[in-house]
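Biologist: I'd like to learn how to read a protein model. Could you take me through one, feature by feature?

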Amino acid sequence: MSAVTDWKLERPNITIPVTTDNAQNMVNAIKEATGLGPQIGCFAHILNLAAKKAVAIQQISRLLGKVRKVVTFFHKSTTAAHALKVKQEMLNISVHKLIHDCPTRWNTIYDMMERYLEQQPAIYSALMDKNVKKNVKDIAVLSDSELKLAEEMINLLKPLKTITTLLSTETTPSLSVIPLKTMILKFMEPVEDESLAIKDAKAAITQDLENRYTDPNLQEYLNRASFLDPRFKSLPYMNAAMYAN
């Protein structure tokens, strides 16, 4: 409330909507502060939480652990890093460094896996180099089934990465988040021939997202914002009853 006063944000007879992360203390603070509301969870942070639920699936977590070991090895060993560069040039693969993920940013997991898949032939070849091989301990390249799972995870997380990037680069913050949530939930519907790990990851993301923005008053507020946004004016994600309201 002091910040509201300092920035001269008070408006007579109008409550001030506030976007925060989704920590419970932040949610409680907005609910308890007179004149503030509704509290709107940051959608980029919501995507971060949902994605983390997906990559915590046991089979996926184990896969990421193997990738991290490889990446860490090439980051710490100058000999291995040099061998990787040589193999990249020999195989005509882009000379890119491997990416290590950051625990607080899920999208770096996406970047790490994407770069690993790009560099996989060079990584395998570098690990077989005689000067590198003798220092390799408890490190293994991904099996064919693990490579397939990594590719599936990239496809699964790509829409979340795209939306996160767009939200992060917006110069004008937007409340048109319900259409984005709806599109992601539709993308997360299970497909018959996909692996069990991907189905579990989709279910984890779906379960997390479905519980967001469920308060009826907040839903109405966000729907009105979407209606006023020319990109979503027709509100195609709403049924007739919701649209009438």
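Biologist: Is the crossing where H3 passes H10 left-handed or right-handed?

Modeller: A crossing is left-handed if the near helix is turned anticlockwise from the far one by less than a right angle, and right-handed if clockwise. Here H3 passes H10 in a right-handed crossing. Before we go on, this is a predicted model, where local features need pLDDT of at least 70, side-chain atom pairs count only at pLDDT 80 or more, and totals for chains, interfaces and linings use all residues. Residues are numbered from 1 along each chain as its sequence is written, and side-chain values use heavy atoms, with hydrogens and water left out.

Biologist: What do labels such as H3 and H10 stand for, and at what angle do the axes of these two cross?

Modeller: Helices (H or I, at least four residues) and strands (E, at least two) are DSSP runs, numbered from the N terminus. Axes are lines fitted to C-alpha atoms, for helices over the stretch in contact, and angles run from 0 to 180 degrees between N-to-C directions. For H3 (residues 43-55) and H10 (residues 196-210), the axes cross at roughly 145° and come within 8 Å.

Biologist: Which residues of H3 and H10 meet there?

Modeller: Contact means heavy atoms within 4.5 Å. From H3 you have Ile46, Leu47, Leu49, Ala50, Lys53 and Ala54, and they meet Ala201, Ala204, Ile205, Asp208 and Leu209 of H10. Sorted by class, the contact of H3 with H10 has nine nonpolar residues, two charged and no polar ones. In that sorting, Ala, Val, Leu, Ile, Met, Phe, Trp, Tyr, Cys and Pro count as nonpolar, Asp, Glu, Lys and Arg as charged, and the others, Gly among them, as polar.

Biologist: How many residues does H10 have, and what does it reach from its first C-alpha to its last?

Modeller: The expected span of a helix is 1.5 Å times one less than its number of residues. H10 has 15 residues and reaches 21 Å, close to the 21 Å expected.

Biologist: And which residues of H10 are buried?

Modeller: Buried means under 20% relative accessible area, exposed over 50%, and partly exposed in between (1.4 Å probe, protein chains only). The buried residues of H10 are Ala197, Ile198, Ala201, Lys202, Ala204, Ile205, Thr206, Asp208 and Leu209. They pack against H3, helix H4 (58-76), H8 and helix H9 (178-187).

Biologist: Why does Lys202 count as buried?

Modeller: Lys202 counts as buried because its relative accessible area is 8%. Leaving aside neighbours within four places in sequence, the contacts of Lys202 are Leu156, Phe187, Met188, Glu189, Pro190, Val191 and Glu194.

Biologist: Now the backbone. Which residues does a cis peptide bond join?

Modeller: Most residues other than glycine have a negative phi, and most peptide bonds are trans. In this model, a cis peptide bond joins Gly37 and Pro38, with omega about 0°. Pro38 lies in strand S2 (residues 36-41).

Biologist: What about phi: what value does Asn92 have, and what value does Asp138 have?

Modeller: Asn92 is not a glycine, yet its phi is positive, about 55°. Look for Asn92 in the loop between helix H5 (78-90) and helix H6 (107-127). Asn92 counts as exposed because its relative accessibility is 74%. Asp138, also a residue other than glycine, has a positive phi near 55°. You'll find Asp138 in the loop between helix H7 (130-133) and helix H8 (144-169), and Asp138 is exposed at 69% relative accessibility.

Biologist: How many disulfides does the structure hold?

Modeller: A disulfide is a pair of cysteine sulfur atoms within 2.5 Å. The structure holds zero of them. For Cys42, the nearest cysteine sulfur belongs to Cys102 and is 16 Å away. Cys42 is partly exposed, with a relative accessible area of 27%, while Cys102 is partly exposed at 30%.

Biologist: One last thing: how many residues apart in sequence are Asp215 and Lys66, and how many Å apart in space?

Modeller: Asp215 and Lys66 are 149 residues apart in sequence and 41 Å apart in space, C-alpha to C-alpha. Asp215 lies in the loop between H10 and helix H11 (216-227).
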